[in-house]
Amino acid sequence: MMNFDLRKKPRLAESLIQTLLFLAGILSIFTTLAIVYELGKEALLFFNNPDVTFVKFFSGTKWQPSIGNYGIWALVSATLTTSFIAIFISLPLGLAVAIYLSEYASLRVRSILKPILEVLAGIPTVVYGYFALLFVTPILQNIFGESIQVYNMLSAGLVMGIMILPLISSMSEDALSAVPRSLREAAFAMGATKVETSLQVVLPAALSGIGAALIVGISRAVGETMIVAIASGAGPNFTFNPIQAAETMTGHIARISGGDLSYNSIDYTSLFAIALMLFLVTLVLNLISQWVVNRFRERYE
Amino acid sequence: MQNHFPENEAFYKALSKRYGIATVWQILFLSALLLAILSLTALIYNVIDGAFGYIAYEYKNDPSEFTSTPINELTKEELLTILKNNLSTGAYKKLDNEQAMSTRSQADLLNLFLERLIQIDTKQTWSMTESILKGEKIRQETKTNYPEARIEFRSWLTPQFLVSPMSSKAEFAGVRTAVLGSLWLVGIAIAFALPIGTGAAVYLQEYAPKNWLTSIIQTNINNLAGVPSIVYGMLGLAVFVRWLEPFTSGSMFGITDTNGRTILSAGLTMGILVLPLIIINAQEAIKAVPDSLRQASFGVGATRWQTVWHHVLPNALPGILTGSILALSRALGETAPLIVVGASTFISVDPDGPFSKFTALPIQIYQWTTRAQSEFHAIAASGIIVLLVLLLTLNATAILLRNRFKQKY
């Protein structure tokens, strides 16, 4: 008589493969832990330095580590200014593009326009930096005269806005197209025009998704490096005046680490303190936006 | 009873006003779109504009000191003799070591002649638009300002530019070292990130139980995709360059002349950077494989891994590859992490392995852009064209792949 054993057999190879796959999955957690640990360790060394205090770090407006000035605001001011300009440009434009694509454009027009926006999103940021320094700045100087410095936050911010535009428009478009058709049809049935429907019915319904796009946009602007490193200026400067040169947090890290740094010097550890701040700010922004998107998705499904 | 609804004339007046407003808004939406397209056009125009144009230069040494033949008519043999007679023995030997002189092309030798012996001194350069619109004025200006200078229309993007190594003179600099460095970097990054990323995606889609750990991993991957690239640079600096220096510098393998700032460190940093992108794309590709395939496979008694290996992965492969190519093009354009990890500022020898010092195309573009002299801006523009063409090729491949293997279930 044949004897079949139908119970599940332990298979060594299967469990081995499963373990390997699990390790690949868990590696991302280690990446995050490594970022927190390495940045935190060096930042701690920085804050343990007798010259550095938390109060000075978070309230000072001068950043000159070599002579004992550790005021992060000298860098934060530029990050805030450039990011603000970028969002000021990319939010309205991106939103308008999204509304046009999702509410007005025919399928054919969309299939032509979307790849163009994708090209815009795929251009390396160093190319945008070139564009900011050698195209936008000269144009600004032609319009507003020589009061605009060669390196200035305005042109870096404007170009950063162009860079972020496709991100905001594609995320907003997703949010707009997730709004059910029935809402639009109800509005049309009441005699509303297309614009009235788009702006007063669809847009409010998609507001949380657009909020998420805005937050991701801010996080991208804060973390962007090459455009500001090339076009915004090379030297910390506490100012919110966009026509002046000033160095952002990211630009500062890029410039200082570009030279040969000796490990454990105050310059070296201070960069990690700045990077840790950057990481935490973008982390919080990304978490908020994910939370918003998830909540939003639940509502219409 | 009072009627609040506007009637007749009032109604039509209000209606046409509403339509007027509607048109205004529609024009606004459309102009935002046009503005975006215009920016893209301006950017491309700006780059092309910079890569061609008039150049005014002087010879530091007169060609007649070396030969009586006009420069353009010199043959390979004549050039070889001139170089051999006039270059110092050490310099000649060094060049011969890089590439045997007799095997070099005439254009290459001519460049060496111009670079090393005659020594071109660029006085001024102009953009393409200026050169076309104000050609006559430029010639006159040059005549008054630099009476000795020659002027010619130059394309900075030449075959020579593609194959020449880095040089301190913009007129002779090329992108060969940088392109090779970029290829090495991207190769290492993808060799590291593709297997791990696919593995992680398979785990999350096919194996992972629905519990808190899985949702933490998933959230974490989404977050990592949004971490600024310069932070990855800092991570690479701390982990690969410093902590793993014995490994990444190659001293473990008997290579002694480098520190941790090698191709390997940079490539691994890039790998970590694109890992979340690859995972997310691979997950989408695996998600698109219909469940019926899995169930059929389980139904005939296949194990989970057999199902994944023989049915899920082959069907998801085009999607995974498309995602990887997109990740690759992201890695190709990244600059900031490379600066932090320590790309060399000047390097003229080809990278010869994972433990050599490196530079990359975007790094070169960055350095050339930040130089003050306009001739460096011209080669930055040419470098950008090379980079954009590479990226375009990659993306076109991805799109072709996606369309070719698109399966309808």
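## Close-up views of a predicted two-chain model

View 1. A:Arg181 is exposed, with a relative accessible area of 55%, whereas A:Glu185 is partly exposed, at a relative accessible area of 40%. The structure shown in this and the following views is a predicted model. A:Arg181 and A:Glu185 are joined by a salt bridge in which the closest N and O atoms are 3.0 Å apart. Because the two residues stand four residues apart in helix H7 (residues 181-189) of chain A, about one helical turn separates A:Arg181 from A:Glu185.

**View 2. A salt bridge between two strands of chain B.** The side chains of B:Lys123 and B:Glu58 meet here in a salt bridge, with 3.8 Å from N to O. This pair links distant parts of the chain, since B:Lys123 belongs to strand S2 (residues 120-125) of chain B and B:Glu58 to strand S1 (residues 52-59) of chain B, 65 residues apart. B:Lys123 is partly exposed, with a relative accessible area of 31%, while B:Glu58 is buried, with a relative accessible area of 18%.

View 3. B:Arg294 and B:Glu206 form a salt bridge whose closest N and O atoms are 2.8 Å apart. Here too the pair links distant parts of the chain, with B:Arg294 in helix H13 (residues 291-299) of chain B and B:Glu206 in helix H8 (residues 176-207) of chain B, 88 residues apart. Both B:Arg294 and B:Glu206 are buried. B:Arg294 is also one of the residues touched by B:Thr307, whose other contacts beyond four places in sequence are B:Ser297, B:Phe298, B:Ala302 and B:Val312. B:Thr307 lies in helix H14 (residues 304-333) of chain B and is buried, with a relative accessible area of 1%. A polar contact at 3.0 Å connects the side chain of B:Thr307 with the side chain of B:Ser297.

**View 4. A buried asparagine in a loop of chain A.** A:Asn152 sits in the loop between helix H5 (125-144) and helix H6 (153-177) of chain A, where this residue is buried, with a relative accessible area of 0%. The side chain of A:Asn152 reaches the backbone oxygen of A:Gln149 at 2.9 Å and the backbone nitrogen of A:Ser155 at 2.8 Å. Leaving aside neighbours within four places in sequence, the contacts of A:Asn152 include A:Thr137, A:Leu140, A:Ala231, A:Pro242 and A:Gln244.

View 5. A:Pro65 is found in the loop between strand S1 (63-64) and strand S2 (69-70) of chain A, and A:Pro65 is buried, with a relative accessible area of 11%. Although A:Pro65 and A:Asp267 are 202 residues apart along the chain, their C-alpha atoms are separated by 6.5 Å. Not counting residues up to four places away in sequence, A:Pro65 touches A:Tyr70, A:Ile266, A:Asp267 and A:Ser270.

**View 6. The largest nonpolar core.** This core has 207 residues, and those with the most contacts inside it are A:Leu39, A:Trp63, A:Tyr128, A:Ile253, B:Phe113 and B:Trp368. The core draws at least three residues from each of domain 1 (51-155) and domain 2 (176-404) of chain B. The centres of these two domains of chain B, taken over C-alpha atoms, are separated by 40 Å. A:Tyr128 has contacts in both chains, touching B:Leu43 as well as residues of chain A, among them A:Leu120, A:Ile123, A:Val159 and A:Ile227.

**View 7. The interface of chain A and chain B.** Between them, chain A and chain B bury about 6600 Å², 76% of it on carbon and sulfur atoms. In chain A, the residues that lose the most area to chain B are A:Leu21, A:Tyr130 and A:Tyr263, together 10% of what that side buries. The contact takes 75 residues from chain A and 73 residues from chain B. Two salt bridges are found across this interface, and A:Glu42 forms a salt bridge with B:Arg242, the closest N and O atoms being 3.2 Å apart. Helix H1 (residues 12-48) of chain A gives the most to the side of chain A that touches chain B, with 18 residues.

Methods: Residues are numbered from 1 along each chain as its sequence is written. Chains are lettered from A and ligands numbered from 1 in the order in which they are written. This is a predicted model: local features need pLDDT of at least 70, side-chain atom pairs count only at pLDDT 80 or more; totals for chains, interfaces and linings use all residues. Side-chain values use heavy atoms; hydrogens and water are left out. Buried means under 20% relative accessible area, exposed over 50%, partly exposed in between (1.4 Å probe, protein chains only). A polar contact is a pair of N or O atoms within 3.5 Å; within protein, one must be able to donate a hydrogen and the other to accept it, and residues adjacent in sequence count only if both atoms are side-chain atoms. Contact means heavy atoms within 4.5 Å. A nonpolar core is a set of buried Ala, Val, Leu, Ile, Met, Phe, Trp, Tyr and Cys residues joined through side-chain atoms within 4.5 Å. Domain bounds come from an automatic or database domain assignment. Buried area is the accessible area (1.4 Å probe) that two parts lose on being put together, summed over both. A salt bridge is a side-chain nitrogen of Lys or Arg within 4 Å of a carboxyl oxygen of Asp or Glu.
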